[in-house]
Amino acid sequence: MPNALQSIPAVVLLLAATLLEVSGDAVVRMAMYNHVGLIRLGLFLGGGALLFGYGTFLNLAPLEFGQVVGLYLATLFVVWQVINFLAFGALPTLPILVGGALVIAGGAIITFWKPA
């Protein structure tokens, strides 16, 4: 890993990965359902670039893959809801909030629980 990236906290890398993934997914969704022609193609290319960035930043985090996944899933849920509201105007329902609380709790357990 390049030296400049080693000083970035894992949480920052995971947050960047999450923002890139959710944004990339939203852009691809907009391309598929809201546009045609060259605009659709441009949105697909932009969404693909964002998703490539997601994969890069996720794998830069200096944690074991199992730990990365737990923390990543928790941040993914939160960021997904924010982007869903900003891009599509959708507020989370009660089942989404309850399920999301379980996702966040599970991510914290996977990441931070150290067996004795």
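Guide: Gln81 counts as buried, because its relative accessibility is 16%, where buried means under 20% relative accessible area, exposed over 50% and partly exposed in between, with a 1.4 Å probe and protein chains only. This is a predicted model, in which local features need pLDDT of at least 70 and side-chain atom pairs count only at pLDDT 80 or more, while totals for chains, interfaces and linings use all residues. Residues are numbered from 1 along each chain as its sequence is written, and side-chain values use heavy atoms, with hydrogens and water left out.

Visitor: Where is Gln81 found, and which residues does Gln81 touch, not counting those up to four places away in sequence?

Guide: Helices are DSSP runs of H or I with at least four residues, strands are runs of E with at least two, and both are numbered from the N terminus. Gln81 belongs to helix α4, residues 65–88, and, once residues up to four places away in sequence are set aside, Gln81 touches Pro92 and Ile96, a contact being heavy atoms within 4.5 Å.

Visitor: How should I read the length of helix α2?

Guide: The expected span of a helix is 1.5 Å times one less than its number of residues. Helix α2, residues 10–34, has 25 residues and reaches 35 Å from its first C-alpha to its last, close to the 36 Å expected.

Visitor: Which residues of α2 are buried, and what covers them?

Guide: An α-helix has 3.6 residues a turn, so residues three or four places apart point the same way. The buried residues of α2 include Ala10, Leu13, Leu14, Ala17 and Thr18, and their cover includes α3 (37–60) and α4.

Visitor: Is Gly107 buried or exposed, and with which residues is Gly107 in contact?

Guide: Gly107, in helix α5 (residues 94–112), counts as buried because its relative accessibility is 4%. Leaving aside neighbours within four places in sequence, Gly107 is in contact with Gly70, Leu71 and Ala74. Gly107 and Gln67, although 40 residues apart in sequence, are 8.6 Å apart in space, C-alpha to C-alpha.

Visitor: Is Leu91 buried or exposed, and where does Leu91 lie?

Guide: Leu91 lies in the loop between α4 and α5, and Leu91 is exposed, with a relative accessible area of 64%.
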